[in-house]
Amino acid sequence: MSNSSRQGIRYVRLRMASNNELDVDTDGEPSGSHILSHEEVEMTHLMADVETSKSGIDAKGNSLARQRAKAPESDHDWHQYDVKPGSVPPPPYIMFTEKKDKPGEEHISAPQLNPEDARKALLAYVTQHCCFGSQVAREMQIINVTHTSALQYKLETFTESRHLNWDEEPYTDHSGPLDHPVNGLVPAPWSIPCEPTDMFKNETQEYVLPHSETLVVCNLCDGTGTNECRWCHGKGYKKCPSCNGSGKKKIVYGRYAITCKPCSGHGRVSCGVCDTTGTLICKSCDGLKKLKRFLVLAVKFKTLVSRHIVENTEFPKELVKDVGGQKVYEQTLPRVWAMTSYPNQELCKKSKDYCEGHEKKAEKEHEKIIMQRHELVVKPVWECTVLWRHENWRFWVYGNEHMVYAPKYPQRCCWRCSVM
């Protein structure tokens, strides 16, 4: 990672305490430093399983075949190991809740709407449209109000995934000693404690793994601290753009040429980018020739959301997505139970499919499920049949906000439209 792209990223450095627990390092840094070449570092394995054989990475970077890394007898023994960046599968989940402990399902009844409330909602809707006349809303006769609530089921799965990546930063003699692998084994990615700021909130936290720092020669500049200027190709000068390198400027209405003033007839000008040196300071090491290389553990928390809406009338069900309703069922557990006893079997089937689908998706993407919650919200929808001037038509009132959907409102134009 370049120095410019590294700005704005805050890494938390960890240290191993005396009780083998990981703490945030706020004071000193472990001692020990050793410069390795790139050939050596590419073959360096820094992962160790601190608990069981199920919490490490094998020598080829395949996280599915976990094995315990042995401590090297010498510094050079680390060359036989390798770390492959990428996602690391979490430890297997253990279900502590038995089938008999499944919580009961309690469902609450939905509210009702009387005809006068429906008329008030329609009048409020008409006032928001300048081309709608209010006479219909005032004089219409409400024949029937049918309650046809929409059911919205939502399942949220809060997951955690961990990814390993190599990173580099410039290193000077004043940067302090390195936390080298000779100081101890690198802890397994899932052995590092990390808690989300809030449940069901997407965020990414980054940590520098202890004992993963090595000193390498900058590969971009080969340890020189400078790179060839790409504007002048290392020459310190470039072709004069005024005379195209000829040193002479032709006169359009004459048969002779004059000396080019910008380059004084030399056909070239000094490179202003490198100041005629032909080299630029290396952006990777900032001219310091050496880089500190370390493993970065990125912990990503994200929420997977699945929704399903049931509405069996002509009312467009997508309208109820963002309106208020009454929560008739909710459950929050590390693993929620699919709904089974709700009268609507379509929702019960969707609940089961979503629970199984989230589980498979998390396993496929190497994510650990931290918490799940699902809810069933009844979004009230009332279908109102009205009579006005011997003609029947319908409109719908939906949501706790009493929003109105009236696609065939009779009086759509008023005198203001004629004036305009």
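Predicted model: local features only at pLDDT ≥ 70, side-chain atom pairs only at ≥ 80, totals over all residues.
Local features require pLDDT of at least 70 and side-chain atom pairs count only at pLDDT 80 or more, whereas totals for chains, interfaces and linings use all residues. Residues are numbered from 1 along each chain as its sequence is written, and side-chain values use heavy atoms, with hydrogens and water left out.

**Helix 5**

Helices (H or I, at least four residues) and strands (E, at least two) are DSSP runs numbered from the N terminus. Helix 5 spans residues 345-364 and has 20 residues. From first to last C-alpha it reaches 29 Å, close to the 28 Å expected at 1.5 Å a residue; the expected span is 1.5 Å times one less than the number of residues. Just after the helix, His366 takes a positive phi of about 60 degrees.

Buried denotes under 20% relative accessible area, exposed over 50%, and partly exposed in between (1.4 Å probe, protein chains only). The buried residues of helix 5 are Leu347, Cys348, Ser351, Tyr354, Cys355, His358 and Ala362. Seen down the helix axis, these buried residues fall within an arc of 125 degrees, so they line one face of helix 5; the arc is taken over directions from the axis to the C-beta atoms. The face turned away from the buried side carries the exposed residues Gln345, Lys349, Lys360, Glu363 and Lys364. Strand 6 (150-170), strand 15 (290-310) and strand 17 are included in what covers the buried residues.

**His374**

His374 lies in strand 17 (residues 368-379). Its side chain makes a polar contact (N or O atoms within 3.5 Å; within protein, one able to donate a hydrogen and the other to accept it, residues adjacent in sequence counting only if both atoms are side-chain atoms) with the side chain of Tyr153, at 2.8 Å.

**Nonpolar core**

A nonpolar core is a set of buried Ala, Val, Leu, Ile, Met, Phe, Trp, Tyr and Cys residues joined through side-chain atoms within 4.5 Å. The largest has 21 residues, and helix 3 gives the most to this core, with five residues.

**Cysteines and burial**

With a disulfide defined as a pair of cysteine sulfur atoms within 2.5 Å, the count is zero. The sulfurs of Cys243 and Cys263 are 3.6 Å apart.

| Residue | Relative accessibility |
|---|---|
| Cys243 | 8% |
| Cys263 | 3% |
| His374 | 2% |

Key. Contact = heavy atoms within 4.5 Å.
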